Amino acid sequence: MTTAMSVFDALPARLQDPVVLTAPFLILLIVLEWIAARKLLTTSAPAADDSRNAPGAHFGPDTIASLSTGLVSLVTGATWKTIAAIGYAAIYTYVAPWHLSPHQWYTWVIAVLGLDLIYCVDHRIAHRVRLIWAAHQPHHSSEYFNLATAVRVEWNKSGEIIMFAILPLLGVPPWVVFFSWSINLTYQFWVHTERIGKLPRWYEYLFNTPSHHRVHHGMDQMYLDKNFGGILII
């Protein structure tokens, strides 16, 4: 853990967010999914009365809208996280009754699992409270379900930032909170695809997967407001 932290600290500050570090790889996956969908269209033409998109299909303007939204979100997210860093540091320093060491494994368990639980609650609220849904709705606005949809995220992070303040209050170092947040976001990227079917039952039982998240993005009444977890399927 110490070695990994030393390497991470040696990077320029702008590259220390894991989401930024993984961005080139995520873009590559989006391109590969688009190529695979195009290949599928040329090898298996749909029936004349079948208006459904090929699994993982991309529509140029829609994908551009998703990527543009994601790029702006990186900028607005950095602003919100700067504000959060100040608040979290104050909470951690002056309010938290104890301080957890980032060198202990249980600190990371508390941070990653705790953040995922809080994210689930915040996500559920975002779907139930109309004012908050207005900020989250762009993520659900695409008629396509592909990896580009994963980066079509809201620009207003205030709700999550307020909710995640529970962690520094419990003594989790602020930078560990932000790192855990990035882990959560990065995990959620790959579940936005139709190119992956159901995974082994034990994995589907424990974790958020593409099949679970397809239900979450479904528009049929029976699928609305289901599967709010980020990493775990809770």
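This report walks through the helices, aromatic pairs and a few individual residues of a predicted model.

## The chain as a whole

Let's start with the overall make-up. The secondary structure comes to 11 helices and zero strands, so along the sequence the pattern reads α-α-α-α-α-α-α-α-α-α-α. The chain has 234 residues, and 39% of them count as buried.

Contacts across the sequence are worth a glance too. Taking contacts between residues at least 6 apart in sequence, 70% join residues at least 24 apart.

## Helix α3

Helix α3 covers residues 60–95. With 36 residues at 1.5 Å a residue, α3 should span 52 Å, and the 49 Å between its end C-alpha atoms agrees with that.

The buried residues of α3 are Asp 62, Thr 63, Ser 66, Thr 69, Gly 70, Ser 73, Gly 77, Lys 81, Ala 84, Tyr 88 and Tyr 92. What covers them includes α6 (147–150), α7 (158–164), α8 (166–169) and α9.

Helix α9 runs over residues 174–189. Its 16 residues should span 22 Å at 1.5 Å a residue, and its end C-alpha atoms are 23 Å apart, which agrees. The buried residues of α9 are Pro 174, Val 176, Val 177, Phe 178, Ser 180, Trp 181, Ser 182, Asn 184, Tyr 187, Gln 188 and Phe 189.

How do α3 and α9 lie relative to each other, and at what angle do their axes cross? The axes come within 9 Å and cross at roughly 135°, and the two helices are therefore oblique to each other. On the α3 side, Lys 81, Ala 84, Ala 85, Tyr 88, Ala 89 and Tyr 92 take part in the meeting, and on the α9 side Pro 174, Val 177, Phe 178, Trp 181 and Ser 182 do.

The charged end of Lys 81 sits over the ring of Trp 181, 4.9 Å from the ring centre.

## Aromatic pairs

A pair of aromatic rings is described by how far apart the centres are and by the angle of the planes. The count for this model comes to nine aromatic pairs. One of them joins Tyr 88 and Phe 178, which are stacked at 5.5 Å centre to centre with 25° between the planes. The pair links distant parts of the chain, since Tyr 88 is in helix α3 and Phe 178 is in helix α9, 90 residues apart. Both Tyr 88 and Phe 178 are buried.

Trp 108 and Phe 179 pair in another way: their ring centres are 5.7 Å apart and their planes stand at 85°, so the pair is edge-to-face. Here too distant parts of the chain are linked, with Trp 108 in helix α4 (residues 105–128) and Phe 179 in helix α9, 71 residues apart. Trp 108 counts as buried because its relative accessibility is 13%, whereas Phe 179, with a relative accessible area of 23%, is partly exposed. Ring pairs also bring in Trp 175, so that Trp 108, Trp 175 and Phe 179 form a cluster.

Leaving aside neighbours within four places in sequence, Asn 184 is in contact with Leu 115, Asp 116, Tyr 119, Gly 230 and Ile 231.

## Other residues to look at

Ala 37 is found in helix α2 (residues 18–43) and counts as buried because its relative accessibility is 3%.

Val 121 lies in helix α4 and is partly exposed, with a relative accessible area of 38%. Between the C-alpha atoms of Val 121 and Glu 160 the separation is 9.7 Å, and these residues are 39 apart along the chain.

Finally, Asn 227 is placed in the segment after α11 (210–216). Its phi is near 55°, a positive value in a residue other than glycine. Asn 227 is partly exposed, with a relative accessible area of 22%.

Key. Residues are numbered from 1 along each chain as its sequence is written. This is a predicted model: local features need pLDDT of at least 70, side-chain atom pairs count only at pLDDT 80 or more; totals for chains, interfaces and linings use all residues. Side-chain values use heavy atoms; hydrogens and water are left out. Rings of Phe, Tyr and Trp (its six-membered ring) pair if their centres lie within 6.5 Å; planes under 30 degrees apart count as stacked, over 60 as edge-to-face and the rest as tilted. Helices (H or I, at least four residues) and strands (E, at least two) are DSSP runs, numbered from the N terminus. Buried means under 20% relative accessible area, exposed over 50%, partly exposed in between (1.4 Å probe, protein chains only). A charge sits over a ring if NZ of Lys or CZ of Arg is within 6 Å of the ring centre and within 35 degrees of the ring normal. The expected span of a helix is 1.5 Å times one less than its number of residues. Axes are lines fitted to C-alpha atoms, for helices over the stretch in contact, and angles run from 0 to 180 degrees between N-to-C directions. Angles under 35 degrees count as roughly parallel, over 145 as roughly antiparallel, 65 to 115 as roughly perpendicular and the rest as oblique. Contact means heavy atoms within 4.5 Å.
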